[in-house]
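Please look through the sequence and the model shown here before reading on.

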Amino acid sequence: MHDLVIRGGSIIDGTGAEAFTGDIAIDNGVLSEVGGKAGPGTREVQADGLLVTPGWVDIHTHYDGQATWDPELASSSWNGSTTILFGNCGVGFAPVRTEHHDALIDLMEGVEDIPGIALAEGLSWDWESFPEYLDALERQERVIDVGAQMPHHALRVYVMGERAIRHEAATAEDIATMARLTEEALNAGAFGFTTSRTDQHKTMSGAMVPGRYSETDELIGIGRALGKTGTGAFGMISDFEDEGAEFEWMTQLGAEIGRPLWFLLTDRAYDPERWRRLLAGAKAAKSSGASIIAQVAGRQVGLNLGLMTSLTPFSVRPSFKELDDLDPAEKLARLRDPEMKRKILGDEVSEELLEILPPLSRAITTRWDRMYPLGDPPNYEPTPDQSVAALAEREGKSPAEFAYDYLIGGDGTRMFQFPVTNYVTGDHEPVREMLLDPQTLLGLSDGGAHCGVICDATVPSFMLSHWGRDRTRGEKLPLEWIVKRQTSETADFFGFKDRGRLVVGKKADLNLIDFENLRPRAPHIVNDLPAGGKRLIQKVDGYEATIVSGQAIFECGVATGARPGKLVRAGR
């Protein structure tokens, strides 16, 4: 008698093999039979007409704080992710000294738009070292599994204090200490080390992050800890201002330590050949003995712009900014006042407010041709005739007036989507080309981050519904390939050796999916973080069940109360 039997589903096993129909049996949280006809089970689930896949292994999230207090970790858990990895982009909360608690909160709020008030209320800070942080994660019950990476900015502040915040160069002693602490973290179960070298990442005061200008000897010195332990991956986001120099040190490090390196890769409209050059650099590094992979997104990365989100097209107009502290109902009422509308539309853009925005976000004030009503279900591949500029012209309005009227219409929860990178237009399909390149790895859901402006935790669901079923502007992609991309490939890269495939002996993490009805819903704002902090969440239709270690955590979108999720330690 098996613990659980799933009968008659269309099994996509995560290996890339063609789908097949059969039963799956689970015992003691492990897959005991896959395919064929299984014997009886204590519990049996009929999966006729459903896809049965491994749980998604999402390698780019930012639940570093939320994972210490929140057992559900939505929206990722709602979207079939059964393993998530955080500590990305060099930000996190360990190691840390007491006097730097506020600095790390400010850093996370500035870089990842996670409300500082929620972090200040929610974080227990019952750790100092990175191994102690892992121990704290291990004590928290949760529905899905989590893993963590060592974040460079927190590490640098821990070792160098105010010198790190002032962007001073690390001494040889500083580098040796950072390498030793990274080795300690890896031995405790960290899945790697991450940093960021981009002007997009700033603190709340507008200062660059502590590691922004770190010299290459610092990065190489820390990276050698991965070679010494023989574990972990080295991850980075970079502006690649000097592409040759950046690849030179990455190639040197990768060849020396024999560990994989990854960097984030997106298309930037102002330099459409950039992503191809960077992929070529990764391939050249491979020929020199370094394993360098580009981590890419499954759709355009865009900002959600609504009256209650962190940004709107009018956020840089002083009259609109004056309404920030009003509750939603009062704010909407004021915005519907014709005199207030006239005042806001007549405002000039504030250069001071504009300067606070990351460089790639500043176009929200002028590029009405790149702004689109989001809708429900949301449209992440809109066409030019659906832009605010085109819709306004058809209605005989200015784009600003059309946008204003649209946002205050309905119940005030409407949103625009503003693609920042990876925008698909005409024959320009950067997302598809990057996804299909063998030198790339699927990631960048950013689950848990950008709470007031981005909600991309639905990317794993979107991959199936859009690329596998709904896409009309270009060719679709095979479901078996899509599933492999976000299960066995992501698991293998980071060393999650016991999951990612529906194979006998592997961990029983699965999704049962009503494929024809799989559909991400529109994101919306809730105030359910500690201290009433706000965040965007996004639900999805079509998951009949999500199973972790043989236990159903959601059935038809409803939590079962089971909390089988664990901290996963690399190599354990």
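Which residue of E18 does Leu 51 stand opposite? Leu 51 stands opposite Ile 513 in E18.

## Basis of the description

This is a predicted model, in which local features need pLDDT of at least 70 and side-chain atom pairs count only at pLDDT 80 or more, while totals for chains, interfaces and linings use all residues. Residues are numbered from 1 along each chain as its sequence is written, and side-chain values use heavy atoms, with hydrogens and water left out.

Helices (H or I, at least four residues) and strands (E, at least two) are DSSP runs, numbered from the N terminus.

## Strand E18 and its partners

Strand E18 covers residues 510-513, with Leu 510 and Leu 512 pointing one way and Asn 511 and Ile 513 the other way, and all of these are buried; buried means under 20% relative accessible area, exposed over 50%, and partly exposed in between, with a 1.4 Å probe and protein chains only. Strand E5 (residues 51-54) pairs with E18 in the antiparallel sense over 4 bridges, where two strands are said to pair if DSSP finds at least two bridges between them. E18 also pairs in the antiparallel sense with strand E23 (residues 543-548), again over 4 bridges, and in E23 the bridge partner of Leu 510 is Ile 547.

## The parallel sheet

An open sheet is formed by 6 strands in the order E9-E10-E11-E12-E13-E17, and its pairing is parallel. Its edge strands, each pairing on one side only, are E9 (150-151) and E17 (440-442). Within this sheet, strand E11 (residues 233-238) and strand E12 (residues 261-264) pair over 3 bridges in the parallel sense, and Phe 234 has Leu 261 in E12 as its bridge partner. Helix H8 (residues 243-257) packs on the sheet, touching E10 (192-197), E11, E12 and E13 (292-296), and its direction makes about 175 degrees with that of E11. Contact here means heavy atoms within 4.5 Å, and axes are lines fitted to C-alpha atoms, for helices over the stretch in contact, with angles running from 0 to 180 degrees between N-to-C directions.

E11, H8 and E12 make a right-handed β-α-β unit, and so do E12, helix H9 (residues 274-287) and E13; a crossover is right-handed if, with the strands pointing away from the viewer, the path from the first strand over the helix to the second runs clockwise. E12 and E13 run parallel and are joined by 4 bridges, with Trp 262 opposite Ile 293 in E13. Both faces of E12 are covered, as Leu 261 and Phe 263 on one side and Trp 262 and Leu 264 on the other are all buried.

## The nonpolar cores

In soluble globular proteins, nonpolar side chains tend to be buried together. A nonpolar core is a set of buried Ala, Val, Leu, Ile, Met, Phe, Trp, Tyr and Cys residues joined through side-chain atoms within 4.5 Å. The largest such core has 129 residues, and those with the most contacts inside it are Phe 263 and Phe 494. Not counting residues up to four places away in sequence, Phe 263 touches several residues, including Met 236, Phe 247, Leu 278 and Ile 293. A second, separate core of 32 residues includes Leu 311, Leu 332, Met 340 and Val 453.

Another open sheet has 3 strands in the order E14-E16-E15, with antiparallel pairing, and its edge strands, E14 and E15, each pair on one side only. E15 and E16 are joined by 2 bridges, and the bridge partner of Tyr 372 in E16 is Gln 417. Helix H15 lies across E14, E15 and E16, running at about 125 degrees to E16.

Why is H15 described as largely enclosed by the rest of the structure? The reason is that 7 of the 10 residues of H15 (residues 399-408) are buried, among them Phe 402, Tyr 404 and Leu 407. The buried residues of H15 pack against elements that include strand E14 (301-306), helix H11 (328-335), helix H12 (338-346) and strand E16 (415-421). H15 is followed by Gly 410, whose phi is positive, near 60 degrees.

## Thr 490 in helix H19

Thr 490 is found in helix H19 (residues 488-494) and counts as buried because its relative accessibility is 1%. Leaving aside neighbours within four places in sequence, Thr 490 is in contact with Val 57, Ile 59, Leu 441, Leu 442 and Arg 485.
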